Amino acid sequence: MPLILADTTVLNNFAQIRRPDLLQMVYPTLAAPRVVRDELARGERLGLVLPGDWSWLKLLDLTDDEKSRATDLERLLQAGEAACLAIAEARDGVVLTDDGAARRLAASLHLETSGTIGALVKLVRKEILTLHLGDTLLAEMVSRGYRSPVRSLREV
């Protein structure tokens, strides 16, 4: 199974609906660079992100080469996305991100991506959620600021 990395945007969307556990159910080995967890924690302290239990999330430290690559990528992306792409590139990982610039850059690097919608669809396909509940959670995410590319998971 490939390394699956999440950036702050995806983690935040599931935090906003108080369901980080759903990400754990669909991606039990989900990982994130420490900078992503730090960004999420900063949002929690500022009251922008609802606190959640992320104790299960595997935190990764970047190697020296990955740090160097992330620094280069930070000219185009924010720190969390840059770290995710640097690790995915070095370790043949998949990046969960909703950031358009990160997805475009990942595609140019031939990295596989998914995001919030992909996670919700996977939860429905694995029958962890019904389609109706998936759409309800999507609507709640949208009401809390998520700019979804679809109104319903039926569109995917």
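**Helix H7**

I started with H7 and found it mostly covered, with 7 of its 10 residues buried. I count a residue as buried under 20% relative accessible area, exposed over 50% and partly exposed in between, using a 1.4 Å probe and protein chains only. This is a predicted model: local features need pLDDT of at least 70, side-chain atom pairs count only at pLDDT 80 or more, and totals for chains, interfaces and linings use all residues. Residues are numbered from 1 along each chain as its sequence is written, and side-chain values use heavy atoms, with hydrogens and water left out.

I listed the buried residues of H7: Thr116, Ile117, Ala119, Leu120, Val121, Leu123 and Val124. Their packing partners are H1, H2, strand S5 (113-114) and H8. Contact here means heavy atoms within 4.5 Å. Helices (H or I, at least four residues) and strands (E, at least two) are DSSP runs, numbered from the N terminus. After H7 comes Glu127, with a positive phi near 60°.

**H1 against H7**

Next I looked up how H1 (residues 8-16) meets H7 (residues 116-125). Their axes come within 9 Å and cross at roughly 55°. That makes H1 oblique to H7. For the angle classes, under 35 degrees is roughly parallel, over 145 roughly antiparallel, 65 to 115 roughly perpendicular, and the rest oblique. The axes are lines fitted to C-alpha atoms, for helices over the stretch in contact, and angles run from 0 to 180 degrees between N-to-C directions.

Which residues meet here? From H1 I noted Val10, Asn13 and Phe14; from H7, Thr116, Ala119, Leu120 and Leu123. The contact of H1 with H7 divides into 5 nonpolar residues, 2 polar and no charged. Ala, Val, Leu, Ile, Met, Phe, Trp, Tyr, Cys and Pro count as nonpolar, Asp, Glu, Lys and Arg as charged, and the others, Gly among them, as polar.

**Helix H3**

I checked the span of H3 (residues 34-45). Its 12 residues reach 16 Å from first C-alpha to last, close to the 16 Å expected at 1.5 Å a residue. The expected span is 1.5 Å times one less than the number of residues. The buried residues of H3 include charged names: Arg37, Glu39 and Glu44 are among them. Val36, Leu40, Ala41 and Gly43 are also buried in H3. The buried residues of H3 pack against strand S1 (4-6), H1, strand S2 (31-33), strand S3 (58-60) and helix H5 (79-91). Gly47 follows H3, with a positive phi near 80°.

Most residues other than glycine have a negative phi. I therefore looked at two exceptions. Arg18 has a positive phi of about 55°. Arg18 sits in the loop between H1 and helix H2 (20-26), and counts as exposed at 53% relative accessibility. Asp92 has a positive phi near 60°. Asp92 lies in the loop between H5 and strand S4 (94-96), and counts as exposed at 63%.

Is Ser152 buried or exposed? At 13% relative accessibility, Ser152 counts as buried. I found Ser152 in the segment after helix H8 (131-143). The Ser152 side chain reaches the backbone nitrogen of Arg154 at 3.1 Å. Leaving out residues up to four places away in sequence, Ser152 touches Asp135 and Leu138.

Lys67 is in helix H4 (residues 64-73) and, at 47%, counts as partly exposed.

Technical notes:
A polar contact is a pair of N or O atoms within 3.5 Å; within protein, one must be able to donate a hydrogen and the other to accept it, and residues adjacent in sequence count only if both atoms are side-chain atoms.
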